[in-house]
Amino acid sequence: MKKQLIAAGVAGMLALSLAGCAGSSGGGATTNPSDTSTSAPANNGAACDNTITKTNLPQVTVWAWYPAFGPVVDLFNQTHDDVQICWTNAGQGGGEYDKFTTAIQAGTGAPDVIMLEFETLSSYTIQNALVDLTKYGINDIKSNFTAGAWKDASVGSGVYAVPVDGGPMGLLVRKDIFDKYNVPIPTTWDEFATAAKALKDAGYPGYITDWPSNGESQLLALYEQANAGASGFTYDAANPQQLGINFNTAGTKKVQEYWYNLVKQGVVANDDAGTTDYTTAMVNGTYASYISAAWGPGYLSGASGGSSDAVWQAVPLPQWDKANPVMVNWGGSSFAVTTQSKQPELAAKVAMGIYGDMDSWKIGVEQAALFPTYLPMLTSDYFKNLPYPFFNGQMINADVFLAAGQGYTGVVYSPFTPYVRSQLDQANAAMMQGQSDADTTIDNFQATLVQYAQDQGFTVTQG
């Protein structure tokens, strides 16, 4: 009975839009045009967004919103004579999740394979909506992926998805602005705060960066960095009624106080992310840096209104302790097999094979700006030495994101991530309106999460 209550509560929360993660897969792209025409309906009657020419073969239905995914699907179908993919773009982020939640509640209508962001996996495993892929040999390919991505795709001893892309974090800076005002580019958060004040004192009219109250995914990653990589949750699918919640730590409060003070000092902006004005401000010199995931360069290079004289450079994310760096991740996604699939073994083969070779990953890197968790691509000379024109030819992977991606060890996500994010958004907005100080905001956030978890039937441990 308790499990049913939990599932019902989580299903309701998954109807929330995950807008803050829209850019985590595919470099912040907001559209995913199909490159091919629509074929005949697949096994379950769904229309494909791609043309299937080998119509005599069994078909596996796939929902995904990756940019430039059409060519990847076509490549898979051309090179396979045992199965074909019928791909549907069922919506990006929250749009797809709404449809999947409806299908779970109805007991029908889900695809065989579905693209899911890492942070949503626990929300679906608790509803028994995803297949544990260990029974279909996924551990045989474990060595092909980064340790952090593998942990993100796992819940307890089960592996519920095949990792695809990730979002290791760095700092993208306007080098020309730092040079103009003779301010060193920071390598630690103490240096960052000093640089923020130095830019203002030197006459810079903008801000060193923006701290958006609605930037929950970014902030959660920064909390993790200050907590030596811990997410604040402990959860195991084998004991789904038990949940550890530990957000009100000294590390989390340090991060909250740090940004609160910089905003109050007027050296960091507090503009909401995701707006047109915010995007323009990132590229027109209003902000001198952007705390970014590896997909951020694609996001910036596609933005309009940039300064013609801008000189961008990617540098490692500032650290609290340079001697003990902590790599963190913002975003990332995977392919999971749904329990509604009537051909889970074949679906698992497709999920493991879609981005399972270098040719498909070259499409992902070059056309979709994906950051691979697939080690053969991640560690290749091709990817390491790839120059980025937006960064004046800088090899940003070799300089920043390779080390960040390989150093990320993974986290434990909550089984109700949408609720966590929505409540953090509200808590930060209230704090910036003067309704609480930084420490109280985190204490209240902890209490809110504990109460919600208990209301959903969890037995909660704290500390």
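Is tyrosine 287 buried or exposed? At 2% relative accessibility, tyrosine 287 counts as buried, where buried means under 20% relative accessible area, exposed over 50%, and partly exposed in between, with a 1.4 Å probe and protein chains only. Before I go on, please keep in mind that this is a predicted model, in which local features need pLDDT of at least 70 and side-chain atom pairs count only at pLDDT 80 or more, while totals for chains, interfaces and linings use all residues. Residues are numbered from 1 along each chain as its sequence is written, and side-chain values use heavy atoms, with hydrogens and water left out.

Let me stay with the aromatic residues. The structure holds 34 aromatic pairs, counted when the ring centres of Phe, Tyr or Trp (its six-membered ring) lie within 6.5 Å, with planes under 30 degrees apart called stacked, over 60 edge-to-face, and the rest tilted. One of these pairs joins tyrosine 278 and tyrosine 287, and this pair is tilted, at 6.2 Å centre to centre and 50° between the planes. Tyrosine 278 is buried as well, with a relative accessible area of 9%.

An aromatic cluster is formed by Phe233, Phe247, Phe416, Tyr419, Phe445, Tyr452 and Phe458, and Phe445 and Tyr452 are also among the buried residues of helix α18. That helix, residues 438-455, has 18 residues and reaches 26 Å from its first C-alpha to its last, close to the 26 Å expected at 1.5 Å a residue, the expected span being 1.5 Å times one less than the number of residues. Helices here are DSSP runs of H or I with at least four residues, strands are runs of E with at least two, and both are numbered from the N terminus. Seen down the axis of α18, the buried residues fall within an arc of 165°, so they line one face of the helix; the arc is that of the directions from the helix axis to the C-beta atoms. Just after α18, glycine 457 takes a positive phi of about 105°.

Finally, the disulfide, which is a pair of cysteine sulfur atoms within 2.5 Å. A search of the whole structure finds 1, formed by cysteine 48 and cysteine 86 with their sulfur atoms 2.2 Å apart. This pair links distant parts of the chain, 38 residues apart, with cysteine 48 in the loop between α1 (2-13) and β1 (59-63) and cysteine 86 in strand β2 (residues 84-88). Cysteine 48 counts as buried at 0% relative accessibility, and cysteine 86 counts as buried at 1%.
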